[in-house]
Amino acid sequence: INYGRIVQLPRVLTEQETQELLTHAQKNYSKIKNCRNKIKLSDCSIKLSSSRDYLALRNLALLELLFATGMRVGEVSSIDVKD
């Protein structure tokens, strides 16, 4: 029973926002991957580091996990390596 309290549901991403988020993550990862494959790294528009590569891959994997499984952000953020 709701005694006058307004319960507000969390805002969800629109279809366009979701598509933009996934596209951005994929482009970011692809950009780093393509630069890694170049012979002359000086031709790359971004500076590469293992941490940047890791973060781009991690972010893409997390987004895909969220959308593929329907998990909530809190559930995904509590995942441990042993899980």
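Predicted model: local features only at pLDDT ≥ 70, side-chain atom pairs only at ≥ 80, totals over all residues.
Residues are numbered from 1 along each chain as its sequence is written, and side-chain values use heavy atoms, with hydrogens and water left out. Local features need pLDDT of at least 70 and side-chain atom pairs count only at pLDDT 80 or more, while totals for chains, interfaces and linings use all residues.

The protein chain contains three helices and zero strands, assigned as DSSP runs numbered from the N terminus (helices: H or I, at least four residues; strands: E, at least two). Read from the N terminus, the order of elements is α-α-α. Of the contacts (heavy atoms within 4.5 Å) with a separation of 6 or more, 35% link residues 24 or more positions apart.

Buried residues (under 20% relative accessible area; exposed is over 50%, partly exposed in between) make up 13% of the 83 residues. Leu13, Leu21 and Phe67 make a nonpolar patch of about 250 Å²; patch members have over 30% relative accessible area and no salt bridge, with nonpolar side chains (Val, Leu, Ile, Met, Phe, Trp, Tyr) joined within 5 Å and like charges within 9 Å. Phe67 lies in helix H2, residues 50–69, and is partly exposed at 39%.

As for charge pairing, the count is one salt bridge, defined as a side-chain nitrogen of Lys or Arg within 4 Å of a carboxyl oxygen of Asp or Glu. Glu75 and Arg72 form a salt bridge, their closest N and O atoms being 3.1 Å apart. Glu75 is partly exposed, at 32% relative accessible area, whereas Arg72 is exposed, at 59%.

Technical notes. Areas by Shrake-Rupley, 256 points an atom, 1.4 Å probe, with all protein chains shown as cover. Buried < 20%, exposed > 50% of the residue type's maximum accessible area, 1.4 Å probe, protein only.
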